[in-house]
Amino acid sequence: TAHRVPDVRGAGGVVTGATTAYRSRTPSRLPKSKTRIAAARTRAALAVNSELIRLYWEIGQEILGRQGREDRGSGVTKRLSSDLRRVFPDINGLSETNLRHMRALAQAWPDWEVCSQT
């Protein structure tokens, strides 16, 4: 015999007129799970982005500090880029150009508290 299909939208009723040989004993929790997974993924991505921005700012601060102690044109970003890429060959974004962008970030927002709220 055919049975009514439970409403998978979580209302607990049945879909009017739909029949099948399958009967579910519990209402589907899949829509709630999908929402939870999507929300968790979004929170994780935001946390990763926040940590990366902080890392870039800190590297920028380190570059500014080194450049303040060394002569202008001493190749701080070039050396640091080379060192970092040697130690972390699988990480993209450690080029000399990107390190200059990190320095510019730290220079534009010298206070992390202000930078993190921007």
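Predicted model: local features only at pLDDT ≥ 70, side-chain atom pairs only at ≥ 80, totals over all residues.
Student: Over what distance do the end C-alpha atoms of helix 1 lie apart, and what span should its residues give?
Tutor: Helix 1 covers residues 30-69. At 1.5 Å a residue, its 40 residues should span 58 Å, and the distance between its end C-alpha atoms agrees with this, being 58 Å.

Student: Which residues of helix 1 are buried?
Tutor: Buried residues are those under 20% relative accessible area. In helix 1 this description applies to Trp57, Ile59, Gly60 and Ile63.

Student: Which residues of helix 2 are buried, and what arc do they cover around the axis?
Tutor: The buried residues of helix 2 are Val76, Thr77, Leu80, Ser81 and Leu84. They lie on the same side of helix 2, because the arc that they cover around the axis is only 120 degrees.

Student: Which residues are exposed on the other side of helix 2, and against which helices do its buried residues pack?
Tutor: On the other side of helix 2, the exposed residues are Lys78 and Arg86. The buried residues of helix 2, for their part, pack against helix 1 and helix 3.

Student: Is Thr77 buried or exposed, and with which residues is Thr77 in contact beyond its neighbours within four places in sequence?
Tutor: Thr77 has its place in helix 2. Its relative accessibility is 6%, and because the limit for a buried residue is under 20%, Thr77 counts as buried. When the neighbours within four places in sequence are left aside, the contacts of Thr77 are Ile63, Gln67, Glu96, Leu99 and Arg100.

Student: Which residues of helix 3 are buried, and what arc do they cover?
Tutor: Helix 3 has 13 residues and reaches 18 Å from its first C-alpha to its last, close to the 18 Å expected at 1.5 Å a residue. Its buried residues are Leu99, Met102 and Ala106. These residues are on the same side of helix 3, because around the axis they cover an arc of only 55 degrees.

Student: Which residues are exposed on the other side of helix 3, and against which helices do its buried residues pack?
Tutor: His101 and Gln107 are the exposed residues named on the other side of helix 3. The packing partners of the buried residues of helix 3 are helix 1 and helix 2.

Student: How far apart in space are Leu55 and Met102, C-alpha to C-alpha?
Tutor: Leu55 has its place in helix 1, whereas Met102 is one of the buried residues of helix 3. In sequence the two are 47 residues apart, while in space their C-alpha atoms are separated by 9.0 Å.

Student: Which residues make the nonpolar surface patch, and about what area does the patch have?
Tutor: One of its members, Leu52, lies in helix 1 and counts as partly exposed at 33% relative accessibility. Another member, Leu55, is partly exposed with a relative accessible area of 37%. The patch is made by Val48, Leu52, Leu55 and Tyr56, and its area is about 310 Å².

Student: How far apart are the closest N and O atoms in the salt bridge of Glu58 with Arg54?
Tutor: A search of the whole structure finds 5 salt bridges. Glu58 and Arg54 both lie in helix 1, where their separation of 4 residues is about one turn of the helix. Glu58 counts as partly exposed at 36% relative accessibility, as does Arg54 at 32%. The closest N and O atoms of their salt bridge are 3.1 Å apart.

Student: What is the N to O distance in the salt bridge between Glu62 and Arg66?
Tutor: Glu62 and Arg66 are separated by about one helical turn, because they are 4 residues apart in helix 1. Glu62 is partly exposed at 36% relative accessibility, and Arg66 is partly exposed with a relative accessible area of 25%. Their side chains meet in a salt bridge with an N to O distance of 3.0 Å.

Student: What is the N to O distance in the salt bridge between Glu70 and Arg79?
Tutor: Glu70 is partly exposed, its relative accessible area being 29%, and Arg79 counts as partly exposed at 37% relative accessibility. The side chains of Glu70 and Arg79 meet in a salt bridge whose N to O distance is 2.8 Å.

How values were computed. Residues numbered from 1 in each chain as written. Heavy atoms only, no water. Patch = residues over 30% accessible without salt bridge, like charges linked within 9 Å, V, L, I, M, F, W, Y side chains within 5 Å. Areas by Shrake-Rupley, 256 points an atom, 1.4 Å probe, with all protein chains shown as cover. Salt bridge = Lys/Arg side-chain N within 4 Å of Asp/Glu carboxyl O. Helix = DSSP H or I, 4+ residues; strand = E, 2+ residues; numbered from the N terminus. Buried < 20%, exposed > 50% of the residue type's maximum accessible area, 1.4 Å probe, protein only. Arc of directions from axis to C-beta. Contact = heavy atoms within 4.5 Å. Expected span 1.5 Å × (residues − 1).
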